[in-house]
Each structure stands twice: as structure tokens, then as C-alpha cells.
Amino acid sequence: MRTGRVRTGRLGLLTEQFDCARERAQVRLTGLSDEEYLWEPVPDCWSIRRRSEATTPRAFGPGDWVLDQGAPYIPAGEYAEVARQAADGMSVAKIADDWSVSVEQVEAILNHSGPPEPEVTPVTTIAWRLGHLHYCFAGEWEWTFGERRHEPKLLVDFTPSATLALERFWALIDRWRDSVGTVTDAQLDTVGFSQYPYGSNPDESYLDVLWGANLEFIHHMAEIALLRDLWQARFSARG
């Protein structure tokens, strides 16, 4: 039920937040060109690239185009999340597996002597941000509502076409959102209702997982919006 415009209930509040964010994001992405989609505002950006031209050690994807991914490390901004996982009872080995890093790295962080971040945190293109969201939500759907067996990093055929990427992305988001809308109150409280293999989903209630999915969508779309603003400013300055 709704009070005015806003739904009530735990699931209703989360889906209302997501729907509002999705509506704004879709408007914000209208008119995205291939050139802007692939624009690298600084050297050595992470983006999508032809497999033969990949420059990062763990770039992935099932087709000719792959999504950049570097050597595994945990950014300093995520140390608090690592501490929270440990406080919630996750083993060091499980935390290391979730972040794709060594046990030694996790132990160093928990002992407040964490390894330094790389000298430069990579800037990412719109193509990378959108591709990252796409494979994450594709994996979330597969490991919650699907067969729970397909590798998330092989579910999305990355493309240099902004129009095609957005068409595929919104179709996936619609499927995910439709499935989320069917979740029961009991399933919201079920720990491990989502078995998504990257992160702590199997150890969390689905209510917490949905909260995290909303945050992931919102913060990456905000970053994409900023990149669009920078692109326009660059174009205007040249004019």
C-alpha cells in the first residue's frame, strides 16, 4: 500500500527507492553516444576493450570485448566493511575469498596494518561503470532467482555500442526488478536467499542484500552522471 506516493513496508520502501533512482538514471542516460560511452577523461582508465587489447591482468567477459579488472586489493575506503564482516562472524578465509585477495591482506587490515593502496586508483569510463553494474545485477538475478550456477562474469556480452549496452542493461534491470517484487516477507528475512558468489550475500538476510543493491546502483549511476557532466563541459570548452 502507499501513503501518498511512497510505498510502505520494508520491501516497498526499498523498491520505491530503487524505482526512483532508476527513473532518474534512465533520463540521465538519454542520448548517450558511443564516443561519450567510451571516453577516457585521463590516461590509463579502466574501460571495456577488445580482448586482444586488454591491459589489466584480470579483464573478463565471454566475448570479444572484456571489462577491465586489475590485480586484487581492498581499497582503504572498504576497510570498515572488512571489519564489519569480521565482527559479524565471517572467517578471515571467507572474507579473503569474497574480496579475491590473500588471507594475509585481510589479516593485515584487521590488525590495522593494512597494505597501502596502489599509488593511483583507476578512473573508470561510463562503459566500465555500466558494464560493472550489468554483470553484478545479472549475477544477482542468476544466483537469487535463476539456476544459481552460472559464473556472473560470463553472463554479459560487453559491447562498444552505447545504444545496445543500454538496451540490454534496462532489460536485465526490468527482469531483476520484477523478480524482487515477488519476494515475500519471510524471504526478506532469509539468510542466504541470495547465493551470489562475490560478496557476503550468502551470509546476509535478503533485506540487507537489497539495501546493498540499491546503494550499488545509486552510487555508480551518480558517478556516470558526473562523467556525463564532465564530457559536456569538455565539449562546451572546445566550442
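**Helix packing, pockets and cavities**

Modeller: Let's start with helix H6, which passes H7 in a left-handed crossing. Left-handed says that the near helix is turned anticlockwise from the far one by less than a right angle (clockwise would be right-handed). This is a predicted model, in which local features need pLDDT of at least 70, side-chain atom pairs count only at pLDDT 80 or more, and totals for chains, interfaces and linings use all residues. Residues are numbered from 1 along each chain as its sequence is written, and side-chain values use heavy atoms, with hydrogens and water left out.

Colleague: At what angle do the axes of H6 and H7 cross?

Modeller: Axes are lines fitted to C-alpha atoms, for helices over the stretch in contact, with angles from 0 to 180 degrees between N-to-C directions. The axes of H6 and H7 (residues 162-180) cross at roughly 35° and come within 10 Å. Helices (H or I, at least four residues) and strands (E, at least two) are DSSP runs, numbered from the N terminus.

Colleague: Which residues of H6 and H7 meet?

Modeller: With contact meaning heavy atoms within 4.5 Å, H6 brings Leu 130, Leu 133, His 134, Phe 137, Ala 138, Glu 140 and Trp 141. Their partners in H7 include Ala 165, Leu 166, Phe 169, Leu 172 and Trp 176. By class, this contact has 11 nonpolar, 2 polar and 3 charged residues. Ala, Val, Leu, Ile, Met, Phe, Trp, Tyr, Cys and Pro count as nonpolar, Asp, Glu, Lys and Arg as charged, and the others, Gly among them, as polar.

Colleague: How many cavities of 30 Å³ or more does a search of the whole structure find?

Modeller: The search finds 2. On a 1 Å grid over the protein atoms alone, a cavity is a set of points where a 1.4 Å probe fits but cannot get out, a pocket is an open set with protein on both sides within 12 Å along at least five of seven lines, and lining residues have an atom within 4 Å of a point. Points join across faces, edges and corners, and the volume is the space filled by probe spheres set on them.

The largest cavity holds about 80 Å³. H6 and H7 each give at least two residues to its lining, which includes Leu 130, His 134, Ala 165, Arg 168, Phe 169 and Phe 158. By class, that lining has 6 nonpolar, 3 polar and 2 charged residues.

Colleague: What lines the second largest cavity?

Modeller: Among its lining residues are Leu 11, Phe 18, Trp 176, Leu 210 and Asn 214. H1, H7 and H9 each give two or more residues, with the largest share, 4 residues, from H1. The volume of this cavity is about 40 Å³.

Colleague: Now the open spaces. How much space lies in the largest pocket?

Modeller: About 1,600 Å³. Of its 47 lining residues, Glu 78, Trp 99, His 132, Glu 216 and His 220 are the closest to the centre. H3 (79-87), H4 (92-99), H6 (126-142) and H9 (206-238) each supply at least two residues, and H9 has the largest share, 10 residues. The lining divides into 19 nonpolar, 14 polar and 14 charged residues.

The second largest pocket holds about 160 Å³. H1 (10-28) and H9 each supply at least two of its lining residues, and by class the lining has 9 nonpolar, no polar and 2 charged residues.

Colleague: Which kind of aromatic pair do Phe 60 and Phe 158 form?

Modeller: Rings of Phe, Tyr and Trp (its six-membered ring) pair if their centres lie within 6.5 Å; planes under 30 degrees apart are stacked, over 60 edge-to-face and the rest tilted. The structure holds 14 such pairs. Phe 60 and Phe 158 are edge-to-face, because their ring centres are 6.1 Å apart and the planes stand at 65°. This pair joins distant parts of the chain, 98 residues apart: Phe 60 lies in the loop between S3 (48-50) and S4 (65-67), and Phe 158 in the loop between H6 and H7.
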